[in-house]
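User: Please take a close look at one part of this chain and tell me what surrounds it. Then set that part in its wider context.

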Amino acid sequence: MIRLGLRLAVATGREALVRFVILAAAVALGVGLLLCTIAGVRALDAQTGRGGWVRGEPAAGAPPADPVVWAARWDFFDGRAIERVEVGVTGANPPTVPGIPRLPDPGQYYVSRALHDLIAAHPADQLGARFPGREAGIIADSAVPSPDSLVAVVGRTPAEAGALRGAHEITSVSTAAPKISTAALDLVLSVVAGGLLFPVLIFIGTATRLSATRREQRFAAMRLVGATPRQVTRLAAVEAAAAAVAGTVAGFALFPALRAGMAAVPLSTERFYADDLAPGWPAAVLVALGVPVAAVVAARLAMRRVRISPLGVARRVTPKPPRAWRLIPVVAGLLELAYFIGRTPETSNGQTAAFLPGFLLIMIGLVIAGPWITMVGARLMARRARRLPTLVAARRLADNPQAAFRAISGVMLGLFVVSVATGVITTIVNERGIRYGNLASVTLLQQFGGDGGTVPDGLPDRLRHIEGVTFAVVLHDNPDNGPNDPSSIVACADLATIPQYGRCAPGAEYAQIWNNLVGFDRVRTGAGAATVWASSPVTAAQAASMKVDTLVVGFDGTTAAHERARTALEVAFPDFEVPPGTDVDYGNNSRTQLRLFQRLADVIMLFSLPIAGCSLAVSVAAGIADRKRPFSLLRLTGVPLRMLRRVVGLESAVPLLAAAALATATGFGAAQLFLRAQMGYTLSPPGWSYYVPAGLGLAASLAIIASTLPLLERVTGPETARNE
């Protein structure tokens, strides 16, 4: 029976072989993406755990060791964050730290490979001078989150390290992952996985229905000549399992190429190590066994009509029309999201458990509700039909909306996920995003915080002589700082040298100004040369005895000048609490996360819509092939070929457009509920970056439908009516 099933799968003509290849390709794509999704979640956990030691938390049950003073800080270089740990060893037996043979002594430091390469590629006055002493070695990759991670462990004396903010003594170093959960990113990855896998699963389901009518007739004929239901079921299972096994093997073979692509793209703001992108043996075995088993189960379900009776295929009746209850899962998913408005769980894991089921329920509900929406649209089209092709297409859609919707369900799910992702990302950017003007990006701040600081004599002059530096201005804390007043004061003589930031009132000696010189509005373009800052009653004599709030350094906008000035400030103030940086530097972390979410949305659009288009093409072609005899008879009765093409085009285009409208509206509705529940935001309308790709995706889908219409002429000749 197995041998016969394999022959039926690949050796009964070109049609069977094409179906086998398409089904195996669909399974291979699904298996490859499923393995990538599992590997991505595992890699995220591994990436988070690799850098856990940087926090300097004590490890439970560690062997006794001499205390070490530990202070974790951060820094910047060309828009990239640097994790920097300052350590002061107090004895001959310090605790061990992952990735290095021993903690560095004063005048030594260890760096990650990426930071080592960065230091080597730039002059010392741009980066290397920030790390006193000599490089003692490179931190092993096993202790660094990513190949792109910039990490340094710098040796200090215990007194120097102890003077830094956040310094503490430890006798052991924990390598456990941070307690901060990655559930938020896991939620995004889960939605992305759904957006990729649902269209693939639909593609697989569509491929299994290629030549479905012919296969059912063949199995029914076997029943008529004496085959038992069990034998027919086994044949169908063998046929499906053969393609599924071939596709699973191909999917595992495809995974290394997909993994290489994932390793090259910073999906979590930094690249993954290729070795971390592994699904693990339990998951791999589950996928390898589960996919063929699922294919066999699907084949058994597909043969249920043939098992009932050998004449079950011939006695076709119009299926029952779908009912409005199919909307219940969609409504339930939306209500589930709405329930958490004002009731958002406090933990990340709780938020994942709250929102993910709602999104998945909506996605499943859209597939369930699609046939009912198609039927309603078909009935409306029939009532307004004025031409025969429209009426025929509407009646066929109304008679079997399930088959019509099946062709476009992948496109609908792709549009839903893209609409949710774009709606959420656009709103977050509008609410949180800060637009930086030219001045904000060339204004470097050394903030002293707390009770202020002291600027060494001559330092501003030395800074002004650095190549690319345009000015250096000292700001003092504003003693009359009210709730809405600027935080600092500046000498009018200094402000006169940088007129692009504004000017003082006539006769004023000092003026009130923001410590970044441009203000803290969401649009930080600077006040402008015409701005007159409010006067301050502080005199020069009083300012001389005041602590410095901020040392502001301007530069010409080049990376070299930016990093020279930053390095000079760090050398002058090695115990900095906040690293010197521009507003653009300080806002880089939030922008990086927004870029991450936008990249994931682009991944969904890039992959899901083409996959859905493939599903649409296969479904339309399969529908034409299954109905070639009725179409041939219609041509024999005098129906023009162009009319049949209009019928097929309308049968595919009408549900496509209706489902696209439903998916878009539901996606934006779900995004609005999520934003209100999680962040208290109101959905912002997306821009052209959504409508243009979505419109192009729909246009491509319509083009795919049109590309299958020439098939009608090939399969509806008189010989088809005679031979069938």
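**T443 and its surroundings**

Setting aside residues within four places in sequence, T443 is in contact (heavy atoms within 4.5 Å) with Y501, N516, L517, V552, V553, F555, G581 and T582. This is a predicted model: local features need pLDDT of at least 70, side-chain atom pairs count only at pLDDT 80 or more, and totals for chains, interfaces and linings use all residues. Numbering runs from 1 along each chain as its sequence is written, and side-chain values use heavy atoms, without hydrogens or water.

T443 sits in strand β8, residues 443–447. Helices (H or I, at least four residues) and strands (E, at least two) are DSSP runs, numbered from the N terminus. T443 counts as buried because its relative accessible area is 2%. Buried means under 20%, exposed over 50%, and partly exposed in between (1.4 Å probe, protein chains only). V553 lies 110 residues from T443 in sequence. Their C-alpha atoms are 6.0 Å apart in space.

Now compare other sites. S536 belongs to strand β15, residues 535–536. At 8% relative accessibility, S536 counts as buried. Beyond four places in sequence, S536 touches I489, Y510, A511 and Q512.

A167 is a loop residue, between α4 (158–162) and β6 (168–170). A167 has a relative accessible area of 28%, so it is partly exposed. With neighbours up to four places away left out, A167 contacts V69, W70, A71, A161 and G162.

The chain as a whole gives the background. The protein chain has 25 helices and 16 strands. Of its 724 residues, 48% are buried. Among contacts with a separation of 6 or more, 81% join residues 24 or more positions apart.

Charged pairs come next. The structure holds 16 salt bridges (a side-chain nitrogen of Lys or Arg within 4 Å of a carboxyl oxygen of Asp or Glu). One of them joins R84 to E86, with the closest N and O atoms 2.4 Å apart. R84 counts as buried because its relative accessibility is 2%. E86 is buried too, at 0% relative accessibility.

Another salt bridge pairs R564 with D125, at 3.6 Å between the closest N and O atoms. This pair links distant parts of the chain, 439 residues apart. R564 is in helix α18 (residues 559–572), whereas D125 is in the loop between α3 (113–121) and β4 (134–138). The relative accessible area of R564 is 17%, so R564 is buried. D125 is partly exposed, because its value is 39%.

D461 and R464 form a further salt bridge, 2.5 Å from N to O. D461 and R464 both lie in helix α15 (residues 459–464). They are three residues apart, about one turn of the helix. D461 is partly exposed, with a relative accessible area of 43%. R464 also counts as partly exposed, at 36%.

Some salt bridges share partners. They join R73, D75, R84, E86, R130, R156, E563, R566, E570 and D585 into one network.

Back to the starting point. T443 is a buried residue in strand β8.
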